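Here are my notes on the model you sent over.

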Amino acid sequence: MPKTPEDIIRGEIRALKGYNVPDATGMVKLDAMENPYPLPPELRGRLARLMEDASLNRYPDSAGSRVKALLRRAFEVPDGTELLLGNGSDELIQVSMMAVARPGAVVLGVEPSFVMFRLIATFVGARYVGVDLREDFSIDIERTLGAIEQHQPPIIFITYPNNPTGNLFDAALIERIIEAAPGLVVVDEAYHAFASRSFLPRLPSHPNLLVTRTLSKLGLAGIRLGVLAGAGNWLGEIGKVRLPYNVNTLSQIVACEMLQHGDVLTDQAAAIKLERRRLLQRLQEMPGVTAYPSDANFILFRIRQAERVFDGLKQRGVLIRSLHGSHRLLADCLRVTVGTPDENTAFLTALTQTLEA
Ligand code: PMP
């Protein structure tokens, strides 16, 4: 008798629901923290011409040297810090966990945070321990240090700003976590384009600190390019786990071109930040809505009967994300990505209509 998935696939994998990506065809899409703006036509034309000349018969540059050099400049990476490229920063989270995973190893994070930390830990056979944030979404430092002491995690993930809460944690508390950690601390800066602070300049003073960044939220989610920055001794080992050609040729070409025209994307990020202010203000003015200030390109808000509101928005053609039921601290919480002014107005109108229905 051939074996079935029940015999072969690990129980913890079978128990997973998997990462859910809903179909957004025809919707105002405000669920995935994408930059809503297309690239200017002349830049698209230039990219198309570069595609024509791409040597698709050859494997990509495995090291991604040119991309790295341009990223170094764009992100002001400190001297002495190395970079590793990933197929999105998702992959870099995966690769760094794979490199440290061994039976019984604990991956530590705070909760609620990015759901992939828990999922990937499960994929690689590690045990995920999530330490709850306080009610105001700040780090509960005593509990976090206690959990570090108890579990001795080889790797800890902190998102800065945090997804889905949108806040930047107190940097002094992250420093205390880095000091107390027996292994690596990864500060995930996926939303850095919308925040004013970073741990990247602190890399030289912390040998066990790694920082991830991504081009996804900046406006290039489709090319899947993430960056892991840190000391060479760690990246040398983690890099061995990476597949040799993980960043494809077309993505490298687009990244190089865009990094030479970085102001296009940073101008778009500035427009998103302006809209974030308007959207937050409008949400805070709505009766029965608690909207949380954000340093990212999305806003978390709490509203009565969140599931009903989420469905009402969907029926009106607006797709956001419901977090209700995912964590105790997120009861009745929804998360909306900041879109274009028109998209945000469509969302606010649909929200008002849903509440009045
Ligand atoms: N980190 C955080 C905190 C995120 O929210 C996301 C995307 N939702 C990622 C990493 C992954 O981004 P990407 O793989 O597109 O770089």
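1. First, a term: a residue is near a molecule if one of its heavy atoms lies within 4 Å of it. There are 13 residues around the ligand, and Asp188, Tyr191, Thr214, Ser216 and Arg224 come nearest. By class, that shell has three nonpolar, six polar and four charged residues. For those classes, Ala, Val, Leu, Ile, Met, Phe, Trp, Tyr, Cys and Pro count as nonpolar, Asp, Glu, Lys and Arg as charged, and the others, Gly among them, as polar.

2. A word on ground rules. This is a predicted model, where local features need pLDDT of at least 70 and side-chain atom pairs count only at pLDDT 80 or more, while totals for chains, interfaces and linings use all residues. Residues are numbered from 1 along each chain as its sequence is written, and side-chain values use heavy atoms, with hydrogens and water left out.

3. Now the polar contacts (pairs of N or O atoms within 3.5 Å; within protein, one must be able to donate a hydrogen and the other to accept it, and residues adjacent in sequence count only if both atoms are side-chain atoms). Ser216 puts a polar side-chain atom 2.6 Å from an oxygen atom of the ligand. On its own the ligand has 400 Å² of accessible area, and the protein covers 94% of that (Shrake-Rupley method, 1.4 Å probe; for residues, only the protein chains shown count as cover).

4. Which elements give two or more residues to the shell around the ligand? They are α5 (89-100) and α9 (216-220). Helices here are DSSP runs of H or I with at least four residues, strands are runs of E with at least two, and both are numbered from the N terminus.

5. The cut-offs are under 20% for buried, over 50% for exposed and partly exposed in between, with a 1.4 Å probe and protein chains only. Asp188 and Ile158 are 30 residues apart in sequence, yet their C-alpha atoms are 6.0 Å apart in space.

6. Is Arg213 buried or exposed? Arg213, in strand β7 (residues 209-214), counts as buried because its relative accessibility is 6%. Its side chain makes a polar contact of 2.9 Å with that of Glu189 and another of 3.4 Å with that of His192.

7. Most residues other than glycine have a negative phi, and most peptide bonds are trans. The Glu111 to Pro112 bond is cis, with omega near 0°; Pro112 is in the loop between β3 (106-111) and α6 (115-123). Asn163 to Pro164 is also cis, with omega near 15°, and Pro164 is in the loop between β5 (155-159) and α8 (171-180).

8. Glu76, not a glycine, has a phi of about 50°; it is in the loop between α4 (65-75) and β2 (82-86) and is exposed, at 67% relative accessible area. Gln305 has a positive phi of about 55°, lies in the loop between β10 (298-303) and α13 (306-315), and is partly exposed at 47%.
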